Each structure stands twice: as C-alpha cells, then as structure tokens.
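Hello,

Here is the structure for you to look over. My notes follow below it.

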Amino acid sequence: MPRDRILILGGTRDAREIADALVARGRNVITSLAGATTQPVLPSGDVRIGGFGGVDGLKSYLEAEQIGLAIDATHPFAARMSAQAFEACQSSGVQLIRFERATWSAAEGDDWTHVSSPAEAARTVPAGARVLLTTGRKDLQPFFDRHDISGIARMIEAPPADPPANWEILRERPPFGVQDETALMAANAITHLVTKNAGGAATEAKLKAARELKIPVIMVTRPTKPDLPCFETVGKLLVVVEGVLSP
Ligand code: NAP
C-alpha cells in the first residue's frame with residue numbers, strides 16, 4: 001500500500017489554505033494544530049489537536065498514521081516544531097517540505113530597527129515610548145517589566161496574566177486593514193511599533209500605517225529553521241506535492 005496520507009503542521013492561515021486546496025484535489029490530508037488557540041478556524045480534511053510529545057512522539061505518529069509526506073506550514077516563529085519535524089521525518093524516512101511566507105522588507109522612508117528576539121526588542125524601546133506590541137501572548141513579560149514605557153499589546157488569545165496598569169490588551173484576530181491600523185495608532189498616540197517579521201498580507205497593514213504616520217518599527221527577525229525545500233506560495237508548493245505523491 002502506498003503511503004498517500006499527508007500531514008500538515010499548521011496553526012497558520014497558510015496551512016488552512018494548503019489543506020483546503022489539497023482536499024479539493026482529493027488528497028488524504030490531516031492537519032495538526034498545537035492547541036494554542038481555543039477556537040481555531042478549522043481547515044478541510046481531518047484535524048488533530050495537541051503536541052505529539054517531542055521527536056519520538058512525532059515519529060510514532062508518522063508510523064501509526066502511515067504518513068507519506070509532511071508539510072511544515074507552521075508560523076515562521078514556531079522554531080521548535082520545525083526542528084522536531086525535521087528530525088522525526090529524517091529518521092522515519094518521511095519526506096518533509098516547508099511553506100514559508102516571504103519576509104516583510106522595509107520600503108523607502110521606513111525607520112526599522114532589526115533585533116533578534118522579543119527581549120532585545122523590549123530593551124530597544126526608548127523610555128517614554130507608547131508602543132503597539134504585536135509579538136503575541138508568549139512574549140509580553142520583557143515589555144511588562146519596563147515601567148517607563150506603555151502601550152497596547154494586541155493578541156488573539158487572552159494573556160497568561162493581567163497586564164500592568166501602563167498596558168492595555170487588545171484582543172483581535174487578523175486580517176487588519178490599513179485604515180483601521182492607522183486610526184488605532186493615531187488615536188492611542190503610538191510612537192513605536194514592535195512586531196515579529198511574520199510576513200503575509202493579513203497583518204502587513206500595520207507596517208503601511210507606521211509608514212504613513214512616520215512611526216519607527218522594531219522588527220524581530222525570524223529564527224533559523226532547518227534547511228529544507230521551501231515554498232513561498234501555495235501554488236508552487238501544490239505542484240511539488242503532486243509530483244511527490246503521483247505514481
Ligand atoms: P513551537 O515553540 O515551535 O512549538 C512548541 C510545541 O508545541 C512543540 O514542541 C509541539 O509540542 C507543539 N506544537 C507546535 N506546533 C504544533 C502543531 N502544528 N501540531 C502539534 N503540535 C505542535 O510553537 P509555538 O511558537 O508555541 O506555536 C504554536 C503553534 O502556534 C504553532 O503551530 C504555530 O504554527 C502557531 N503560531 C505561532 C506563532 C508564533 O509567533 N510563534 C504565531 C501564530 C501561530 P510537542 O513537542 O509535544 O510535539
């Protein structure tokens with residue numbers, strides 16, 4: 001029996017798009033979610049939720065589910081899952097490819113400072129700044145520890161603990177539009193935008209708004225992921241999937 005089941009490591013809009021496209025082509029797909037979001041938007045096909053239990057857990061899963069191809073479509077900052085997928089697939093002989101959105105790049109007139117971690121971003125923000133912070137609920141503490149800055153921290157899920165009085169939590173799910181982002185920053189006297197270089201159209205509007213308002217951006221660069229065949233568009237990835245799975 002050929003192994004024709006495809007495992008998509010998800011948690012992103014891109015992973016959903018890939019699953020929907022493959023299911024529409026009649027492929028046997030299961031998407032895996034970490035379980036970080038309480039009400040995730042689900043893709044077509046089968047879905048499983050929760051960690052695998054490290055590399056060994058994923059290896060057992062690949063065998064039990066007779067996975068023939070794995071697609072890492074996790075968020076660019078989900079470095080642990082990508083590293084574990086690489087190791088598990090390599091030792092199980094399962095082909096692994098990755099979808100990775102293009103990074104955002106600064107345009108003329110932008111004032112970007114590149115940093116390597118959210119903690120470094122927090123150290124880089126100048127005293128007195130009003131920040132729009134979009135790095136996610138896991139990366140809040142270094143900012144909350146600064147008593148000389150304030151602002152709005154935006155995220156989908158509630159934060160693990162209440163914020164200090166100088167921070168407001170804004171719970172919203174992308175996509176966001178330029179007009180709304182500009183209005184949000186202007187109405188809250190934002191002086192700095194702090195974001196991860198996630199890439200993608202759904203959350204890019206904040207960068208356009210910052211450009212319009214001449215607000216400096218502190219940009220967290222992506223972690224390094226294992227070297228794999230990597231695709232920036234769903235269309236290109238689908239062509240390769242068909243090539244791998246066709247007889
Ligand atoms: P991570 O640090 O790379 O992974 C932490 C652990 O979560 C992994 O060791 C694994 O547990 C489990 N895990 C992660 N992705 C999984 C998946 N697709 N299916 C099953 N288990 C998964 O990941 P993270 O940064 O916490 O992100 C968690 C999820 O949220 C990812 O799926 C990612 O695509 C999504 N996400 C992340 C960000 C971000 O900024 N990091 C933003 C948007 C969405 P085991 O070791 O037990 O297998």
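**What was found**

Arginine 137 is partly exposed, at a relative accessible area of 32%. Buried means under 20% relative accessible area, exposed over 50%, and partly exposed in between, with a 1.4 Å probe and protein chains only. This is a predicted model: local features need pLDDT of at least 70, side-chain atom pairs count only at pLDDT 80 or more, and totals for chains, interfaces and linings use all residues. Residues are numbered from 1 along each chain as its sequence is written, and side-chain values use heavy atoms, with hydrogens and water left out.

Back to arginine 137. It sits in the loop between β7 (130-133) and α5. Helices (H or I, at least four residues) and strands (E, at least two) are DSSP runs, numbered from the N terminus. Leaving aside residues up to four places away in sequence, arginine 137 touches Met155, Glu157, Ala158, Pro159 and Pro160. Contact here means heavy atoms within 4.5 Å. Isoleucine 169 is 32 residues from arginine 137 in sequence, and the two are 9.8 Å apart in space, C-alpha to C-alpha.

**The chain as a whole**

The chain has eight helices and twelve strands. Its radius of gyration is 20 Å, close to the 18 Å from the globule rule for 247 residues, so the chain is as compact as a globular protein of that length. That radius is taken over C-alpha atoms, and the rule is 2.2 Å times the number of residues to the power 0.38. The C-alpha atoms fill a box of roughly 65 × 35 × 30 Å along the principal axes. Of the 247 residues, 47% count as buried. Among contacts between residues at least 6 apart in sequence, 64% join residues at least 24 apart.

**Rings and charges**

There are two aromatic pairs. In one of them, phenylalanine 144 and tryptophan 167 have ring centres 5.7 Å apart and planes at 45 degrees, so the pair is tilted. Rings of Phe, Tyr and Trp (its six-membered ring) pair if their centres lie within 6.5 Å; planes under 30 degrees apart count as stacked, over 60 as edge-to-face and the rest as tilted. Phenylalanine 144 belongs to helix α5 (residues 141-144) and tryptophan 167 to strand β9 (residues 167-171), so the pair ties together parts 23 residues apart in sequence. Phenylalanine 144 is buried at 7% relative accessible area. Tryptophan 167 is buried too, at 5%.

Two arginines also meet rings. The charged end of arginine 48 sits over the ring of phenylalanine 52, 4.0 Å from its centre. That of arginine 154 sits over the ring of phenylalanine 176, 3.8 Å from its centre. A charge sits over a ring if NZ of Lys or CZ of Arg is within 6 Å of the ring centre and within 35 degrees of the ring normal.

**Cysteines**

Cysteine 89 is buried, at 3%, whereas cysteine 230 is partly exposed, at 36%.

**Helix α7**

In helix α7 (residues 205-213), the buried residues are Ala205, Lys206, Leu207, Ala209 and Ala210. They pack against β6 (112-115), β8 (150-155), α6 (178-187), β10 (192-196) and β11 (217-220). Lysine 214 follows α7, and its phi is positive, near 55 degrees.

Best wishes
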